Amino acid sequence: MKTLMTACGLVAMLAAAPAFAQSATPTNKTTAPSVASTEGAVDPAIARMSADQLKNKEVYGTDGKEIAKVEGVVRKGNDTYAVLDVDHLVNISDKDAVLPMNKLHMKGDKLTVDMTKDQMQGLEKWQKGKYEDIKGALK
């Protein structure tokens, strides 16, 4: 009977352990702003990255070819967006567009999006003053 009670107690503790782990507050926070968004589920690998880590990363489309470059990360309300250079003309860009962070994914070490280059051209154009820059990522 003692063994049964001990086993039941152990099972109860193990079942509750994930709940305790989820409610624990991390003790070593970084000062870099998170790129997480309330707009939808952001790829966990991207959510761990800072705006500086994302800046200048190439973005690959559905065909596996490079279709854009991250210029920076911005916020509008509670939503976070990547500012993408979609025309790729050596920093002479009038075609920077915003893409919700939940549309980007990490596949290995590549930043990808389930879009084609033509679809990227149809994204909302980035407008200075309409979005809040995250940690000086845009110049």
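**Exercise 1.** Which pattern does the protein follow, read along the sequence?

*Solution.* Start with the counts. This predicted model has 4 helices and 7 strands. Now read along the sequence. The pattern is α-α-α-β-β-β-β-β-β-α-β.

**Exercise 2.** Find where the pLDDT stays under 50, and say how to treat that part.

*Solution.* Take the average for the protein: a pLDDT of 74. Next, 63% of the residues score at least 70. Then look at residues 4–38, where pLDDT stays under 50. For these residues the model has 27 contacts beyond four places in sequence. Where pLDDT is low, the predicted coordinates should not be read in detail.

**Exercise 3.** Work out how E4 is joined to strand E3.

*Solution.* E3 spans residues 79–85. 5 bridges join E3 to E4, and the two run antiparallel. For one point of reference, Ala 82 stands opposite Leu 99 in E4.

**Exercise 4.** Trace the partners of strand E6, and name the residues that pair with Thr 112.

*Solution.* E6 covers residues 110–113. Begin with E1, residues 58–60: 2 bridges join E1 to E6, in parallel. Here Tyr 60 has Thr 112 as its bridge partner. Move on to E5, residues 104–107: 4 bridges join E5 to E6, antiparallel. Here His 105 has Thr 112 as its bridge partner. Last, check the link. E5 and E6 form a hairpin with 2 residues between them. In the turn, Gly 108 has a positive phi of about 70°.

**Exercise 5.** Which side chains meet in a salt bridge, and are they buried, partly exposed or exposed?

*Solution.* The count comes to 1 salt bridge. The side chains of Glu 124 and Lys 130 form it, at 2.9 Å from N to O. Now the accessibility. Glu 124 has 37% relative accessibility, so it counts as partly exposed. Lys 130 has 35%, so it also counts as partly exposed.

Terms used. Residues numbered from 1 in each chain as written. Predicted model: local features only at pLDDT ≥ 70, side-chain atom pairs only at ≥ 80, totals over all residues. Heavy atoms only, no water. pLDDT = per-residue confidence, 0-100. Contact = heavy atoms within 4.5 Å. Pairing = 2+ DSSP bridges. Salt bridge = Lys/Arg side-chain N within 4 Å of Asp/Glu carboxyl O. Buried < 20%, exposed > 50% of the residue type's maximum accessible area, 1.4 Å probe, protein only.
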